[in-house]
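Biologist: Could you walk me through how to read a model like this one, feature by feature?

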Amino acid sequence: MTTLMFILGIGVFAIGLLVSIAWHELGHLSTAKLFGIRVPQYMVGFGPTIWSRKKGETEYGFKAIPFGGYIRMIGMFPPGDDGRITARSTSPWRGMIEDARSAAFEELKPGDETRLFYTRAPWKRVIVMFAGPFMNLIMAVVLFLIVLMGFGITQQTTSVSSVSKCVISQSENRDTCKSTDPASPAAAAGLKAGDKIVSFDGVKTDDWDKLSDLIRAVPGKQVPIVVERDGRQLTLHAKIASNQVAQKDSSGQIVDGKYVTAGFLGFSAATGVVHQDFGDSVTWMTDRVGEAVDSIASLPAKIPALWDSAFHDAPRQADSPMGVVGAARVGGEIFTLDVPASQQLAMFVMLVAGFNLSLFLFNMLPLLPLDGGHIAGALWESLRRHTARVLRRPDPGPFDVAKLMPVAYVVASVFVCFTVLVLIADVVNPVKIS
């Protein structure tokens, strides 16, 4: 049964992946057609075609390898010196291998001269190329909101799980009290496991982060603490101790290995599934975007550890880069967890949402053959033409993105090598959530 659920999880993730890719390419397709650009193909996947159907002037279909997708637009590049005009795929996978000029020249039909991508105003080209990643961002936001506001997320609450008997510096990394350790303020005040802290020092407390910050801010102060116990409210009094506690970053996350002197009450918070309101959800998503940006920026620094985990049997770090295969395995693992089905579903939706957020951020990198590279080219062309008008100089014409293809091939080669390394690590030493 466990194996069957694991396989089912992988299959469901594959469907989520295909939907995410199709949704991405739909953004390119719809805006390209809106601006009158001819689109001969809309494909999900790459490699051999397994099914296709032509509707109007566009062929829609699925290909054998479901790790990407593309639409083919006429005139992605301006004419070369020989007068040829090229078609171009929005997919980074196919973009590496397509000829930058001759392939599209063969696809031109009478009347296409007015339906070329490069002839559209730069702002229209920016919209067409941004629409794909933006669709992934929309999907990520919607899925995150469904989980945060609908299912809720597991987090620390204001309920008490256990009470510390004494004050121990968290930097000492021990949980056994010594005879010289003073009693914890929580124990001295009579706080008990199961209590729910309603207010602290006169301030209503409805979430753990707020309560934690309030405690940390008043070392040495005698404070009233209102708790709910057995259906009734009690007021306890505690003198907050000064102690070495884990440092928090700007988003409220614990910083590993770093400590600060702050207020200490001495209890462990219970965890539970908490529904978020819209404001809290926006804050949570903003924090995740920041973490994702930092993660992409730190990818080069993570390559040595990734190499060691792939070839030297080193432990795979929890924040290690993970590819489609690794994400599929996580999807399978989610379906085998001994948690309520609602939480399995919530975790799975979170996985797909995170995948879409990564697609958005990665495609926005200003590098060819990614969408962000074409956006950068259009913006540069707009700047050149605007500057020429201001200086009353001749129009410099379209910016020939095709001249950057050597750089695009280098970027694509690096990306392929990195993808292969991640794939090997995902197979031999995968990231696990249990």
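Predicted model: local features only at pLDDT ≥ 70, side-chain atom pairs only at ≥ 80, totals over all residues.

Biologist: Where does UniProt place the feature "transmembrane region"?

Modeller: UniProt positions are in the numbering used here, with shortened feature names, and annotations may be inferred rather than shown by experiment. The unreviewed entry puts this feature at residues 6–23, 126–153, 345–365 and 407–428. Helices (DSSP H or I runs of at least four residues) and strands (E, at least two) are numbered from the N terminus. Residues 6–23 are 100% helix, with end C-alpha atoms 26 Å apart; residues 407–428 are also 100% helix, and their ends lie 32 Å apart.

Biologist: How many residues does helix H11 have?

Modeller: An expected helix span is 1.5 Å times one less than the number of residues. H11 (residues 371–390) has 20 residues and reaches 29 Å from first to last C-alpha, close to the expected 28 Å.

Biologist: What do the buried residues of H11 pack against?

Modeller: Buried means under 20% relative accessible area, exposed over 50%, and partly exposed in between (1.4 Å probe, protein chains only). Contact means heavy atoms within 4.5 Å. The buried residues of H11, among them His374, Ile375 and Glu381, pack against helices H1, H4 and H10 and strand E2.

Biologist: Which residue forms a salt bridge with Glu381?

Modeller: A salt bridge is a side-chain nitrogen of Lys or Arg within 4 Å of a carboxyl oxygen of Asp or Glu. Glu381 pairs with Arg385, the closest N and O atoms being 3.2 Å apart. Both lie in H11, 4 residues apart, about one turn of the helix. An α-helix has 3.6 residues a turn, so residues three or four places apart point the same way. Glu381 is buried at 0% relative accessible area, whereas Arg385 is partly exposed at 22%. Arg125, Glu381, Arg385 and Asp395 are linked in a network of salt bridges.

Biologist: Are Asp426 and Arg316 buried or exposed?

Modeller: Both are buried. They form a salt bridge with closest N and O atoms 3.0 Å apart. The pair links distant parts of the chain, with Asp426 in helix H12 and Arg316 in the loop between H8 and H9, 110 residues apart.

Definitions and conventions. Residues numbered from 1 in each chain as written. Heavy atoms only, no water.
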